[in-house]
Amino acid sequence: MKFAKQTVSGFWKQHLKGRKARLYLATGYEYDRHVKASAVARTLRAFWTIAVISADYKINFRSERGIEYLNSIHERAAHRLLTCCRDNGGLFIKFGQSIAVQSALLPPPFRRELSILYDNAPSAPVSHIAPVIERCFPGKSIDDVFIEFSSEAVASASVAQVHTARLRSDPTQSVAVKVQKPEISLQIGWDLFALRTCARLVEFAFQIPIMWSVNEVEQRLREELDFEREGNNSELARKDLQSMGDTQLQRSIYIPQVFWDATGKEVLTTEWIDGISLVHPHQLEQDGWPKKEIMQQMVSLFAFQIFVSGNVHGDPHPGNILVRQNPKNKRWKELQLVLLDHGLYVRESTDFKRQYAEFWRAAMLNDKKAMRRIAHSWGMADEGMFSTMVSLKPPQLSARKHSNDQEAVATETNNTSKSSHFDKQMELKARAVAALRDSRSLPPELVFVTRNMNIVRANNQSLGIPVNRVQILGQYAALGLRRILRSTAVSPLRRYSHIHGIIGLAAAEWSYITFRVALWIADVGMSAFNVWGRIKALISGKPFTQTADVVLDEAMRRALEKRLGYTIDTSLLTA
């Protein structure tokens with residue numbers, strides 16, 4: 001009897017302990033969900049996803065497996081990563097997009113799956129974002145700051161959404177109000193902790209050097225979440241255009257005004273602009289806006305930022321560029337581009353800006369000694385590939401060479417197809433690791449600027465490559481280098497040395513003249529190529545599609561693919 005009582009008593013104690021444990025877990029879950037915006041649950045989901053992906057590769061990625069099985073591992077991993085990012089939302093969408101931009105280093109399934117993350121994110125109702133606005137403007141409600149605040153967001157991304165409104169202080173002024181989603185401030189600490197921990201796990205498990213990039217990603221994300229910083233970036237870009245831009249650039253580019261009395265850390269209010277986004281090329285064509293002029297102004301803008309102002313927009317994808325009629329011109333149709341979303345910028349140092357322009361000059365003049373010197377100073381041992389990456393200039397430009405290159409690539413593909421698919425994938429991994437390791441020593445400005453130029457290149461391709469980017473970029477590189485050399489020649493440090501100042505000014509002019517002559521020769525060559533291509537097309541009766549710009553882009557892509565060992569996919573850059 002005593003034994004039975006003890007057994008029953010022990011059972012109830014264990015039962016009560018179990019109930020307490022479940023109660024604690026349920027309370028913790030609800031607290032995390034409603035107070036911490038599921039920050040802990042999202043972190044645990046990320047850890048679990050990375051652990052499962054790592055285990056899958058470690059256990060199943062074996063040399064005896066066939067090609068279909070190995071590809072299925074990539075498919076599972078990419079789908080799990082996509083599911084985790086979508087379920088977590090918020091900054092995890094940004095994490096996934098950062099991976100997607102670099103997905104040329106990953107197997108193809110990652111490109112296909114992660115590109116979905118560029119779709120518009122769901123928006124929060126006004127009742128959810130109103131506390132964010134009230135937090136930015138203490139003592140004021142949303143109606144005290146704005147009138148006619150739209151009930152639906154006109155655009156929504158992973159961390160913010162945009163509404164239309166009018167200012168209470170100026171009811172005639174239509175504005176775009178960018179509001180950070182309320183859960184982001186609660187999740188950011190946990191999300192960045194998850195990012196660092198997962199990156200360490202991947203680096204440890206697969207010996208892939210990615211931790212060096214985590215600090216850079218974290219810094220950029222924090223900058224993007226500071227809307228006051230974004231407003232300052234926008235103002236600086238406006239001032240640069242007004243003080244350093246030429247007359248044509250000042251007329252053809254517009255940056256919306258920031259209204260600081262309605263702007264805070266989590267709310268950005270700017271002038272509302274009506275225009276057609278570059279994501280709608282058919283609508284641009286229907287409204288009669290010429291693609292060539294659009295791309296000329298776009299490339300000129302970012303070339304100006306890279307080589308002249310040194311303040312470079314980091315996300316020039318089509319959704320951030322609008323086309324409209326210049327409001328100052330009431331007589332005839334005049335195109336004007338509107339640049340949006342200034343959250344991500346890089347400030348180039350004077351030394352980097354000079355070296356980058358000098359590398360362009362050396363590439364155009366085929367000065368291998370100068371190219372080697374600058375490339376090695378940046379930790380890039382292969383100045384030939386670096387030249388291709390920077391100036392997008394292949395070694396030769398002829399139809400025969402183009403044909404031979406295609407045959408060589410086909411032959412190489414046939415030969416490598418005979419080898420083990422597993423060995424080939426491990427070789428691609430080794431090349432990707434080497435590329436990441438080399439990237440650690442590159443100046444952060446170079447990585448940023450190269451990304452900017454790749455997105456502009458993708459924009460150009462999406463519109464049918466209507467302009468020669470290399471010529472426009474080269475012209476601004478020559479102009480920027482000339483400004484720097486002239487500024488150095490007349491700097492206060494040389495005010496007592498007139499001879500050195502005169503020599504410096506002469507060197508600046510000589511550099512500019514030789515640079516422009518090289519650009520002119522290249523332009524003549526490309527024009528001759530196009531004329532000869534049109535003549536051949538006319539004789540053969542076939543359409544002329546292989547312009548010099550098309551061949552140049554294809555040659556650059558093939559050169560990079562051959563040297564790096566992976567396929568370059570620019571489709572994500574236009575998302």
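Helix axes are lines fitted to C-alpha atoms over the stretch in contact, and angles run from 0 to 180 degrees between N-to-C directions. The model described here is predicted: local features need pLDDT of at least 70, side-chain atom pairs count only at pLDDT 80 or more, and totals for chains, interfaces and linings use all residues. Residues are numbered from 1 along each chain as its sequence is written, and side-chain values use heavy atoms, with hydrogens and water left out.

The protein chain holds 22 helices and eleven strands. Both are DSSP runs numbered from the N terminus, with helices being H or I of at least four residues and strands E of at least two. Of the 575 residues in the protein chain, 47% are buried. Buried means under 20% relative accessible area, exposed over 50%, and partly exposed in between, with a 1.4 Å probe and protein chains only. Contact means heavy atoms within 4.5 Å. Among contacts in the protein chain with a separation of 6 or more, 70% join residues 24 or more positions apart.

Two helix pairs were examined. Helix α13 (residues 291-309) and helix α19 (residues 444-462) pack at about 175°, and their axes are 11 Å apart. Their arrangement is therefore roughly antiparallel. Angles under 35 degrees count as roughly parallel, over 145 as roughly antiparallel, 65 to 115 as roughly perpendicular and the rest as oblique. On the α13 side, the contact uses Met295, Met298, Val299, Phe302 and Ile306. On the α19 side, Val449, Asn452, Met453, Val456, Asn459 and Asn460 take part. The contact of α13 with α19 has eight nonpolar, three polar and no charged residues. In this classification Ala, Val, Leu, Ile, Met, Phe, Trp, Tyr, Cys and Pro count as nonpolar, Asp, Glu, Lys and Arg as charged, and the others, Gly among them, as polar.

The second pair is helix α2 (residues 39-60) and helix α3 (residues 67-88). Their axes come within 10 Å and cross at roughly 175°. α2 and α3 are therefore also roughly antiparallel to each other. Residues of α2 in the contact include Arg42, Arg45, Thr49, Ile53 and Tyr57. Those of α3 include Tyr69, Ile73, Arg76, Arg80 and Asp87. By class, the contact of α2 with α3 has nine nonpolar, four polar and six charged residues.α19 has 19 residues and spans 27 Å from its first C-alpha to its last. This is close to the expected 27 Å at 1.5 Å a residue, where the expected span is 1.5 Å times one less than the number of residues. Leu463 lies in the loop between α19 and α20 (469-489). Leu463 is buried, at 7% relative accessible area. Its C-alpha atom is 8.5 Å from that of Lys292, 171 residues away along the chain. Beyond neighbours within four places in sequence, Leu463 contacts Pro281, Lys291, Ile294 and Met295. Met295 also belongs to the α13 contact with α19. Just after α19, Gly464 takes a positive phi of about 90°.

Aromatic pairs were assigned to rings of Phe, Tyr and Trp (its six-membered ring) with centres within 6.5 Å; planes under 30 degrees apart count as stacked, over 60 as edge-to-face and the rest as tilted. The count comes to eight aromatic pairs. Tyr57 and Phe61 form a tilted pair, 5.9 Å centre to centre with 50° between the planes. Both Tyr57 and Phe61 are buried. Trp190 and Phe193 form an edge-to-face pair at 6.4 Å centre to centre, with 90° between the planes. Both lie in helix α8 (residues 184-206), three residues apart, about one turn of the helix. Trp190 is partly exposed at 35% relative accessible area, and Phe193 is partly exposed at 37%. Phe307, Phe352, Tyr356 and Trp360 form one aromatic cluster.

Several loop residues complete the description. Most residues other than glycine have a negative phi. Glu148, not a glycine, has a positive phi of about 55°. Glu148 sits in the loop between β1 (146-147) and β2 (155-156) and is exposed, at 60% relative accessible area. Asp341 likewise has a positive phi, near 55°. Asp341 lies in the loop between β10 (335-339) and β11 (345-347) and is partly exposed, at 27%. Asn320 is found in the loop between β8 (311-313) and β9 (321-325). Asn320 is buried, at 6% relative accessibility. Leaving aside neighbours within four places in sequence, Asn320 is in contact with His313, Asp315, Val338, Leu339, Leu340 and Asp341.
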